[in-house]
Amino acid sequence: MNKLFNFKHFRGDLFGGITAGIVALPLALAFGVSSGLGPSAGLYGAIFISFFAALFGGTNTQISGPTAPMTAVSMVVIAGILATNDGDLSKALPIILMVFLLAGIMQIGLGIIGLGKYIRYIPYPVVSGFMTAIGVIILITQILPSVGYYPKEDVEFVNQFKPQAQELILENILKEEAGEGILVIENFKETINRASTVTQNDILNESKTLAGKETSGVLGALKAFPRAIQNINWLELILALGTIIIIYGFKRITTKVPSTLVALIVMSAIAILAGLDYRPIPEIPQGLPKFQLGIFTDFSLAGLTPYIFTALTLALLGAIDSLLTSVVADNMTKTKHKPNKELIGQGIGNSIASLFGGIPGAGATIRTVVNINSGGKTRLSGMVAGVLLFIVLLVLAPLASKIPAAVLAGILITVGIGVMDYKGLKAIPYLPKDVKIGPFKFSMEVLIMLTVLGLSTFWNLVYAVGIGLVIASLMFMKKIGDLTAKQSDVKTLKEEAWNDEIGFPEEYKEEVFIKHLKGPLFFGSTSDFQQLALQIPKTASKVIIRLEKMQYMDQSGLYAMEDALQELHEHNITVLFVNLLEQPRYLMERIDIIPDLVPEEQIFDTFNQCITWIKEKHN
C-alpha cells in the first residue's frame, strides 16, 4: 500500500486533492445541469470518476471528472433518448445510464487490448474541429438560461404545439390498440373511450415536451433566440454577466484561488442574502447516491442497440480527453504515464459512476494542472478530490441546491469560450492550400477541421467525428500514396543498368528486357506499373523483373502484377523473377501467380543465376 500511494507525499497530495476538488465542484454542478440529468448527476460523476480513475488509472497526478467534451456528447445522448421516450426521464434513464455503463466497459476493453498507445494517432484537424464545436455548442445552448428564458415555461410558445401534441397522443392510443390486436375501424368506441381519459394536463405536458425538443441543441437555441430576447429576465442576465465578469476579472488579481469558485460563491451569496427572486438549480438529494437498479431491470436490448456506436464514441472521446491530459501531466511532472492502464482506470470510474446515476467524464486538464501546482504527486490526490466532493454532497447539498441557475450558465459560457481550439483556428490562413476544388484551392487540414466543426455543431457530434476520421484517413492515404509513388520507380521507361548488369551479353539485348522495381507496389503506383506490358519491346521474348527493392505489395499491387503478367503471357513472353522477397511472394502464391504465370524454375536468387538459365535455354 505504501508503494502504491507513497505517503511521504501525503501533505502535497492532500492539498492538491482538496484544491482540485474545490475547482471541480462548480464545474461538476454546471455540467450536470447542462447534460439534462441535473446537478446531482454531475456531482456523482465527479465523485466516482475522480476516486476510481485515480485508484486504478495510469497517471499519478490526473484528476478526472465530467468535462466539456464528454458532457456535450452526453447531452446529445440524453436528449435523443428522452425524445424517443416522450420526454419521460424515468423511462429514459435506464437506457441513458446503460449507454454510459457500456461506454465505460468499452474503455476498459480498449485498455485491455492495448489500444491506449494508438489514441495519439487521431488527426489533429479532427480533434481541433471537435473541440471548437464543443465550445460553440456550450456557448450557444447556454444563452437561453443565461437570459432566464425557458421555452417550456413560455405559455404562448407551448400552446403552439397543442394540436401536434393531441395528434401524437391519438397516435399513441392507436399504436396501443394495434399492439393489443384491436381493429380500430371496427371498434371506434374503444378509441373514443381511451381518448376521453386524456386530460388537458396530459396535452399540456406533451406540448411542453415538443417545445423542449424544438428548442434543444444549437439549431433549437438559435430558433428560440428571438423569443428569448423578447422575454429577457434581467435579474437572471445580471447574475450570469456578474459570474462571467468575476471569472475573468479575478484571474487578473490572482490565480492561486480558482476564479470559478469565487464567482460561484459571490454571486450565489448575493442572490441568497439579498432575497432575490431568482431561479435555483434543481434540488440535489442529500445523502448517499442511490444504486440505479433500473439499469438492469428496466432496459431492453432493442432500445440500447441504436446507441452502441454512440457508446463507442463516448469511450473513444473519453480516452482521447484523458490521454491528452496525461501528456500534460507528464510534461509538468517529468514522469511517464501508462496509457492502457489509464484507460482501464477511466473505464472503471465511468462504469461505477453510471451505476449511481452519474454522467461520464475523463481526465480534466485544468483540474490536473491545479493538483500538480498545489503539491499533488500520487494517485492519492485524485482520490482526495473525490472524497471532498462526497463530503460536499453529504453536508452541503441543501445549500448547493440554492445556487442560481444563471450562475452556472455563466460558468458554462466561460467553459465554452475556453475549450475552443484557438491554436487551430489561428493557423487557418497559414496552412498550405493543397487541395483544388473547381477554381478554388483549400488546405485539406482546414477542410477537415471545418467539416467536423460544422457537422458537430449543427448536426451530430458522433457522426461528425466518424466522417472526419474517414476523410482524414482517405486524404492521408492519398498523400502517402503520392509521396511513396514519387519514390517508387515502377515506370517502364529505359533505366540505368545496375552494377551486376554491366557486361550483359550483347546477343541477348534485343530479346531480353530488364525491369527494376524499386519501392512498394501498392495502390498509389499501380497505374504506372500497368503500362509495363505495353512498353515491352515487341522483339523481346523474355522479361527479367528485379524485385530485391520491392519490399511490400498490397492487394491493388498484387492484381496489377497479375494483369501485367497475363498480358505478357498472352504474347508468349517469358517472365523471370530475380530476388523475390517474402511478403510479395506470399501474396503471389495465394492467387497462383506462382506457379501458373511464373513457375518456380523461373525465380532466381541472383541476377547471375538468371543469366546462366537464359544462356542454357538459348543454347
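Me: Let us begin with accessibility. Does Phe56 count as buried, partly exposed or exposed, and at what relative accessibility?

Reply: Please bear in mind that this is a predicted model. A residue counts as buried under 20% relative accessible area and as exposed over 50%. Phe56 has a relative accessibility of 36%, so Phe56 counts as partly exposed. Phe48, at 11%, counts as buried.

Me: How many aromatic pairs are there?

Reply: The count comes to seven aromatic pairs. One of them joins Phe48 and Phe356, with ring centres 4.8 Å apart and planes at 15°. Planes under 30 degrees apart count as stacked, so the pair of Phe48 and Phe356 is stacked.

Me: Which parts of the chain does the pair of Phe48 and Phe356 tie together?

Reply: Phe48 belongs to helix α3 (residues 39-56), whereas Phe356 is in the loop between α18 (339-355) and β2 (362-363). The pair therefore ties together parts that are 308 residues apart in sequence. Phe48 and Phe356 also form one aromatic cluster with Phe291 and Phe296.

Me: What is the arrangement of the rings of Phe52 and Phe56?

Reply: Phe52 and Phe56 form a stacked aromatic pair, 6.4 Å centre to centre and with 5° between the planes. These two residues are four residues apart in helix α3, so about one helical turn separates them.

Me: Which charged residue lies over the face of Tyr150?

Reply: Arg279 lies over that face, at 3.7 Å from the ring centre of Tyr150. Elsewhere, the charged end of Arg590 sits over the ring of Tyr586, 4.4 Å from its centre.

Me: Turning to helices, at what angle do α3 and α18 pack?

Reply: The angle is about 150°, and the axes of α3 and α18 are 7 Å apart. Angles over 145 degrees count as roughly antiparallel, and α3 and α18 are therefore roughly antiparallel to each other. Their crossing is right-handed. Among the residues of α3 that meet α18 are Phe48, Phe52 and Phe56; the residues of α18 in this contact include Gly345, Ile348 and Gly349.

Me: How do helices α9 and α10 pack?

Reply: Helix α9 (residues 162-179) and helix α10 (residues 188-196) pack at about 130°, with axes 10 Å apart. That angle makes α9 oblique to α10. The crossing in which α9 passes α10 is right-handed. Leu170, Ile173, Leu174, Glu176 and Glu177 of α9 meet Glu190, Thr191, Arg194 and Ala195 of α10.

Technical notes
Residues are numbered from 1 along each chain as its sequence is written. This is a predicted model: local features need pLDDT of at least 70, side-chain atom pairs count only at pLDDT 80 or more; totals for chains, interfaces and linings use all residues. Side-chain values use heavy atoms; hydrogens and water are left out. Rings of Phe, Tyr and Trp (its six-membered ring) pair if their centres lie within 6.5 Å; planes under 30 degrees apart count as stacked, over 60 as edge-to-face and the rest as tilted. Buried means under 20% relative accessible area, exposed over 50%, partly exposed in between (1.4 Å probe, protein chains only). A charge sits over a ring if NZ of Lys or CZ of Arg is within 6 Å of the ring centre and within 35 degrees of the ring normal. Axes are lines fitted to C-alpha atoms, for helices over the stretch in contact, and angles run from 0 to 180 degrees between N-to-C directions. Angles under 35 degrees count as roughly parallel, over 145 as roughly antiparallel, 65 to 115 as roughly perpendicular and the rest as oblique. A crossing is left-handed if the near helix is turned anticlockwise from the far one by less than a right angle, and right-handed if clockwise. Contact means heavy atoms within 4.5 Å.
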